[in-house]
Amino acid sequence: MIPSQPAKPATAKRSSLRRLLFAATLLLAATAPSLASEWVARHGLTPAQYQSAFEEFTGKGFRLVSVSGYDGGRGQARYAAIWKKQAGPAWAARHGLTAEQYQAAFNNFNQQGYRLTYVNGYAVGNTAQYAAIWTKTGGPAMAARHGLTAVQYQAAVTELSGQGYALKHVSAYTVGNAPRFAAIFEKGGPAWVARHGLTSSQYQAAFNEFTGQGYRLGVVSGYRDGGGDRYAAVWTKAGGPQWSARHGTPAAHYQSVFDNHRYQSWEPDYVEAFNGADGVRFNTIWRNTTFAAKDLRLIEDKARAYMRANDIPGLSIAVMRNDKLVYAAGFGVADQDSGTPVSPRHRFRIASVSKPITHVAVVNLANTTSLELGDRVFGDNSLLGGTFATPDGNPDIEDITVDHLIRHRAGFRRINADGANSDPMFDYTGTGHAGLINWALENYPLGYTPGTTAGLSSQDRYSNFGYCLLGRVIEARSGKSYEAYVRDALLKPAGAGDIVIGGDKLADRKPDEVVYYGSGAYSSVKPQRFDSHGGWIARPIDLLRFMRHTDDILAPYYHNGAMSGTLATYDQRAGGFGLVAVSNSRGGSPDDMKAMMDAIADEVSHWPAIDLF
């Protein structure tokens, strides 16, 4: 391997070589690389950052398999690249080359027995540059071109294909307002088709046509022509693992698209960034040798059917088997205005799925301090009696214990005269916990005797206010805020420190938090006050980390959450099998969401033995 190096300033004046041709028969047999077991990908790198990443990853045994340059703004180069840890022959790479430097590098490596296997043309400040990969391997006769106009490119394809050459690789780029092409041809090989000058919709139509005929996309390259984006691509009729491709992904959406592929075990083979008419865009090709294609289709079909049936803008799901993350994906959009795709990185309000977190926190306090689940919450010598006095009209509150609050048996839920359930959490219009609790104790005589069920169903006994009180118990016993105690004692040790209490308003959104849709999502919902019963925001992956860390307390266990703008399920099955789903609207019901996740869990034919945590 020869390290990647940026171009050095030319020391002698050379004529500009706009075309390059090499055809020779090499006698050495090519060594087929093994499938990559590890890979890394980066984008948005400055030349210095790219060079540093190159040296780091190649030093660890990774090979560069794809590199793309583009103008990151103000005439500054940026790079996107993929490295894989795989065996193979010696190789070399260069980036930041002018046309003359590229020609010189080509000649030099050719003389040393290296074969051009990858080229990327790009423009920085209206100047053409090249990045390329050479491999010391044999193969059929080959030819290469660069700096071609569209007319010259078509002529080269026509000429060389007439001589029995197949187009193996193409890179299209724009210098000024003029499209240019670089290409690699090889003699012989399987059937192939190529197209260029396609709009996005024309490219999609060609993609559908050729893949429907059994062709496999080898490369797709984007460029500008006439003020619009165009695409050039090559398809080959060849076998291989299942594959996926995306084109024209806006830079703002690329990370979401990338993460969705990664957490479904797709491995990137190719990335190209290009300067489109309205900003940087990405083209990618992926392979998957981990999941059966039918299982990936089943999961997506179940998720999208649920979303369509319930008018859900965005959904995120994650699955854990044997305490290992085996799948995570986002569907739909995190923000309808921006169109940002939901990815496993997005955080959602989880509503009452906050309660398992509070439950575990209380048990953890009982295990590590003098707190006992039978301790009284109100009255003399109680946990909160020194802060909240017992009203004359509500003396039975002094019989409430911590355990009653956990099991929804404290008596705070009641049936009003109109037959509706009543919970003080949603009747109080203030913001603070102290005002809420004092108001509730004064205005909500208990609906039944603490510790009993009074003939009420579990739903009729269910008390958000009871879990609000548990948050205050945690604060009184730990000496920290509820959020700080849970974060320090449970979330950080579980590797789930990004689970936090959310904000009330749209302007209070945390980084990577979705937008919520539905009446009241930013008015009646008060995550700051709801903290211990419904205030957390989380990624499904982080909820599974929490689940794995606390399975000795809550396994098996199921809980759901629903409030304006949010629906969530948290299903901790036995044996380290966990399922989490969240959405950014309340369409449907918790039962509908659970049924979707149950179908996914039970109908996938094979969950792989991998760990994506």
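Mentor: A strand here is a DSSP run of E with at least two residues, and strands are numbered from the N terminus. Keep in mind that this is a predicted model.

Trainee: Thanks! In which loop is the place of N126?

Mentor: N126 is not a glycine, yet its phi is positive, about 65 degrees. Most residues other than glycine have a negative phi, which makes the location worth a look. Follow the chain and you will find N126 in the loop between β6 (115–124) and β7 (127–135).

Trainee: Is N126 buried or exposed?

Mentor: The cut-off for exposed is over 50% relative accessible area. N126 has 57% relative accessibility, so N126 counts as exposed.

Trainee: And D323, what does its relative accessibility make it?

Mentor: D323 also has a positive phi of about 65 degrees without being a glycine, and it lies in the loop between β17 (314–321) and β18 (324–335). Its relative accessibility is 25%. Values between the buried limit of 20% and the exposed limit of 50% fall in the middle class, so D323 counts as partly exposed.

Trainee: Which peptide bond is cis?

Mentor: Most peptide bonds are trans. Look at P556, in the loop between α16 (551–554) and β25 (557–563). With omega near -15 degrees, the cis bond is the one from A555 to P556.

Trainee: Which backbone nitrogen lies 3.0 Å from a polar atom of the H346 side chain?

Mentor: H346 sits in the loop between β19 (340–341) and β20 (348–349), and its 8% relative accessibility makes it buried. The backbone nitrogen at 3.0 Å from its side chain belongs to S343.

Trainee: How far apart are the end C-alpha atoms of α7?

Mentor: Helix α7 (residues 354–368) is mostly covered, with 12 of its 15 residues buried. At 1.5 Å a residue it should span 21 Å, and the model agrees, because the end C-alpha atoms are apart by 21 Å.

Trainee: Which exposed residues are on the face of α4 turned away from its buried side?

Mentor: In α4, the buried residues are Y203, A206, F207 and F210. They cover an arc of only 105 degrees around the axis, so they are on the same side of α4. Their cover includes β11 (192–198), β12 (216–225), β13 (228–236) and β14 (242–250). The face turned away from that buried side carries the exposed residues S201 and G212.

Note on methods. Residues are numbered from 1 along each chain as its sequence is written. This is a predicted model: local features need pLDDT of at least 70, side-chain atom pairs count only at pLDDT 80 or more; totals for chains, interfaces and linings use all residues. Side-chain values use heavy atoms; hydrogens and water are left out. Helices (H or I, at least four residues) and strands (E, at least two) are DSSP runs, numbered from the N terminus. Buried means under 20% relative accessible area, exposed over 50%, partly exposed in between (1.4 Å probe, protein chains only). A polar contact is a pair of N or O atoms within 3.5 Å; within protein, one must be able to donate a hydrogen and the other to accept it, and residues adjacent in sequence count only if both atoms are side-chain atoms. The expected span of a helix is 1.5 Å times one less than its number of residues. The arc is that of the directions from the helix axis to the C-beta atoms. Contact means heavy atoms within 4.5 Å.
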